[in-house]
Amino acid sequence: MPLTPLDIHNKEFRKRFRGYDEREVDEFLDEVVRDYDNLGKENAQLREEVEALRSKLEQYRRLEETLQNTLVVAQETAENLKENARKEAELIVRQAEQEAERLIRAAEERVREIERRHAELERQFRQFRARLRGLLIGELELLDAEWGETGADREQAPRAGAAEAGGAAEEA
């Protein structure tokens with residue numbers, strides 16, 4: 001069992017005939033008691049500091065572990081976000097490509113429809129022109145037959161009509 005400052009202070013020595021000077025021994029023991037007491041207090045203070053430092057060290061270790069875990073989670077989250085963004089971008093591109101293809105197909109179909117209608121209108125126009133021409137020729141032949149004109153007379157008639165139209169324009 002370790003000595004305490006009180007043990008040193010209360011220590012009694014037996015007296016002998018040729019012993020040490022009691023006053024010097026008491027002064028020395030008082031000095032030893034003070035130093036021992038100071039060392040004890042310092043030792044207790046150092047133990048408290050060591051315990052406080054150990055506590056802080058443990059706290060810092062837990063903090064470091066938490067930070068490392070947080071960093072790992074943050075890295076995993078960042079990787080997940082990048083992967084999700086990449087997948088979403090691919091999906092958007094695929095959808096845009098599909099929409100573009102749909103629009104192109106619709107435009108091509110519309111072009112084909114317009115071309116088909118154009119061809120139909122040209123065919124109808126040619127038929128109408130042929131019928132009109134046939135009708136006009138038939139009417140001219142009827143007029144010729146009624147008026148007794150010949151083909152040569154018909155060629156001169158437009159010239160005479162143009163000359164009459166020119167004279168009428170001058171009078172106005």
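This is a short talk through the predicted model shown above.

Ground rules first. It is a predicted model, so local features need pLDDT of at least 70, side-chain atom pairs count only at pLDDT 80 or more, and totals for chains, interfaces and linings use all residues. Residues are numbered from 1 along each chain as its sequence is written, and side-chain values use heavy atoms, with hydrogens and water left out.

Start with the fold. The protein has 3 helices and 0 strands. Along the sequence the pattern reads α-α-α. Helices here are DSSP runs of H or I, at least four residues; strands are runs of E, at least two; numbering goes from the N terminus. Helix α2 covers residues 22–147.

Next, confidence. pLDDT is the predictor's confidence in each residue, from 0 to 100. The average for the protein is 86, and 85% of the residues score at least 70. Which element has the lowest mean pLDDT? That is helix α3, residues 151–171, at 59. Helix α2 has the highest, at 93. Where pLDDT is low, the predicted coordinates should not be read in detail.

Now the surface. The accessible surface comes to about 16200 Å². Carbon and sulfur atoms account for 56% of that. Areas come from the Shrake-Rupley method with a 1.4 Å probe; for residues, only the protein chains shown count as cover. Of the 172 residues, 2% count as buried. Buried means under 20% relative accessible area, exposed means over 50%, and partly exposed lies in between, again with a 1.4 Å probe and protein chains only.

There is a nonpolar patch too. Phe128, Leu132, Leu135 and Leu136 make a patch of about 390 Å². Patch residues have over 30% relative accessible area and no salt bridge; nonpolar side chains (Val, Leu, Ile, Met, Phe, Trp, Tyr) are joined within 5 Å, like charges within 9 Å. Take Leu136, which is found in helix α2. Leu136 counts as partly exposed because its relative accessibility is 49%.

On to charges. How many salt bridges does the structure hold? The count is 11. The criterion is a side-chain nitrogen of Lys or Arg within 4 Å of a carboxyl oxygen of Asp or Glu.

Lys82 meets Glu79 at 3.4 Å, N to O. Both lie in helix α2, 3 residues apart, about one turn of the helix. Lys82 is exposed at 52% relative accessibility, while Glu79 is partly exposed at 47%.

Glu113 bridges to Arg116, with the closest N and O atoms 2.3 Å apart. Why are these two separated by about one helical turn? Because they sit 3 residues apart in helix α2. Glu113 is partly exposed, at 27%.

Arg123 and Glu120 meet at 2.2 Å, N to O. This pair also lies in helix α2, 3 residues apart. Arg123 is partly exposed at 33%, and Glu120 is partly exposed at 30%. Shared partners also link salt bridges: Glu83, Arg86 and Glu90 join into one network.

Last, the largest pocket. Its volume is about 440 Å³. The lining has 15 residues, and Phe13, Lys15, Glu22, Val25 and Asp26 lie nearest the centre. Helices α1 (5–10) and α2 each supply at least two lining residues. The largest share, 5 residues, comes from α2. On a 1 Å grid over the protein atoms alone, a pocket is an open set of points where a 1.4 Å probe fits, with protein on both sides within 12 Å along at least five of seven lines; lining residues have an atom within 4 Å of a point. Points are joined across faces, edges and corners, and the volume is the space filled by probe spheres set on them.
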